[in-house]
Amino acid sequence: MAAGERRQALQSGVDVGAQLDRLRWWQRLLDDAFPIPGTRVRFGWDAIIGLVPGAGDLISGLFGLVILYHAHRMRIPVVVQARMFINLAIDLAIGIVPFAGDVADIFWKANTRNLALLERHAGQAQKPGTGDYLFVGGVAALLAFLATLPFLVFFLVLRAFGLW
């Protein structure tokens with residue numbers, strides 16, 4: 001981060017470097033705290049908390065919101081914040097599946113992904129790229145399709161029975 005950007009961040013009451021250091025610690029705690037012996041795979045409290053039926057994934061999702069909160073506070077571009085939120089939503093959706101979701105959660109690591117996005121965009125070092133917009137737009141299009149799918153199936157069934 002350039003000296004001018006750091007000065008501006010300090011004047012606004014946000015020491016970006018100190019915040020990023022704390023968020024790196026938080027990310028390591030949630031995603032990389034413990035190694036699996038004999039492998040390069042690491043997992044954190046996010047995967048452990050996710051084992052608690054029902055509330056575990058919701059609690060770990062709330063912990064993941066800490067990074068998103070700081071992204072908002074640092075004025076990270078909205079499309080990047082949307083991408084970070086989608087990463088958390090995918091983490092939550094994966095974790096809903098008993099056991100298999102917890103194993104997959106070890107490899108998805110939404111907090112690591114979100115911290116990387118935050119570091120890339122902190123202090124406006126890099127503007128949102130085409131990939132950010134495509135990712136968010138693609139997920140929005142997928143959700144819109146999934147929302148209209150039940151209506152499409154309903155009308156096709158009505159048509160098949162000659163009721164439409």
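**View 1. Phe-63 is partly exposed.** Its relative accessibility is 30%. Here, buried means under 20% relative accessible area, exposed means over 50%, and partly exposed lies in between (1.4 Å probe, protein chains only). The model is predicted, so local features need pLDDT of at least 70 and side-chain atom pairs count only at pLDDT 80 or more, while totals for chains, interfaces and linings use all residues. Residues are numbered from 1 along each chain as its sequence is written, and side-chain values use heavy atoms, without hydrogens and water.

**View 2. Trp-25, Trp-26 and Phe-63 make up one aromatic cluster.** Rings of Phe, Tyr and Trp (its six-membered ring) pair if their centres lie within 6.5 Å; planes under 30 degrees apart are stacked, over 60 edge-to-face, and the rest tilted. Five aromatic pairs are found in the structure. Trp-26 and Phe-63 have ring centres 5.7 Å apart and planes at 85°, so this pair is edge-to-face. It links distant parts of the chain: Trp-26 belongs to helix α2 and Phe-63 to helix α4 (residues 55-73), 37 residues apart. Helices (H or I, at least four residues) and strands (E, at least two) are DSSP runs, numbered from the N terminus.

**View 3. Phe-34 and Trp-45 pair edge-to-face.** Their ring centres are 5.5 Å apart, with the planes at 75°. Phe-34 is in strand β1 (residues 34-35) and Trp-45 in helix α3 (residues 45-49), so the pair ties together parts eleven residues apart in sequence. Phe-34 is partly exposed at 28% relative accessibility. Trp-45 is partly exposed too, at 38%.

**View 4. Arginine charges sit over the rings of Phe-135 and Trp-108.** A charge counts as over a ring if NZ of Lys or CZ of Arg is within 6 Å of the ring centre and within 35 degrees of the ring normal. The charged end of Arg-83 is 4.7 Å from the ring centre of Phe-135. For Arg-113 and the ring of Trp-108, the distance is 3.7 Å.

**View 5. Gln-19 is buried and makes a polar contact.** Gln-19 sits in helix α2 (residues 16-31). Its relative accessibility is 3%. Its side chain meets that of His-70 at 3.1 Å. A polar contact is a pair of N or O atoms within 3.5 Å; within protein, one must be able to donate a hydrogen and the other to accept it, and residues adjacent in sequence count only if both atoms are side-chain atoms.

**View 6. Asp-21 and Arg-24 form a salt bridge.** Side chains of opposite charge can pair when their charged atoms come close. A salt bridge is a side-chain nitrogen of Lys or Arg within 4 Å of a carboxyl oxygen of Asp or Glu. The count comes to five salt bridges. In the bridge of Asp-21 and Arg-24, the closest N and O atoms are 2.6 Å apart. The two residues are three apart in helix α2, so about one helical turn separates them. Asp-21 is partly exposed at 48%, and Arg-24 is partly exposed at 26%.

**View 7. Asp-32 and Lys-109 form a salt bridge.** Their closest N and O atoms are 2.6 Å apart. The pair links distant parts of the chain, 77 residues apart: Asp-32 is in the loop between α2 and β1, and Lys-109 in the loop between α6 (100-108) and α7. Lys-109 is buried at 15% relative accessibility.

**View 8. Arg-120 and Asp-132 meet in a salt bridge.** The N to O distance is 3.4 Å. This pair also links distant parts of the chain: Arg-120 is in helix α7 and Asp-132 in helix α8, twelve residues apart. Arg-120 is partly exposed at 33%, whereas Asp-132 is buried at 2%. Elsewhere, salt bridges that share partners join Asp-21, Arg-24 and Glu-119 into one network.

**View 9. Gly-129 lies in the loop between α7 (110-121) and α8 (130-160).** Gly-129 is partly exposed, at 28% relative accessibility. Its C-alpha atom is 9.1 Å from that of Val-80, 49 residues apart along the chain.
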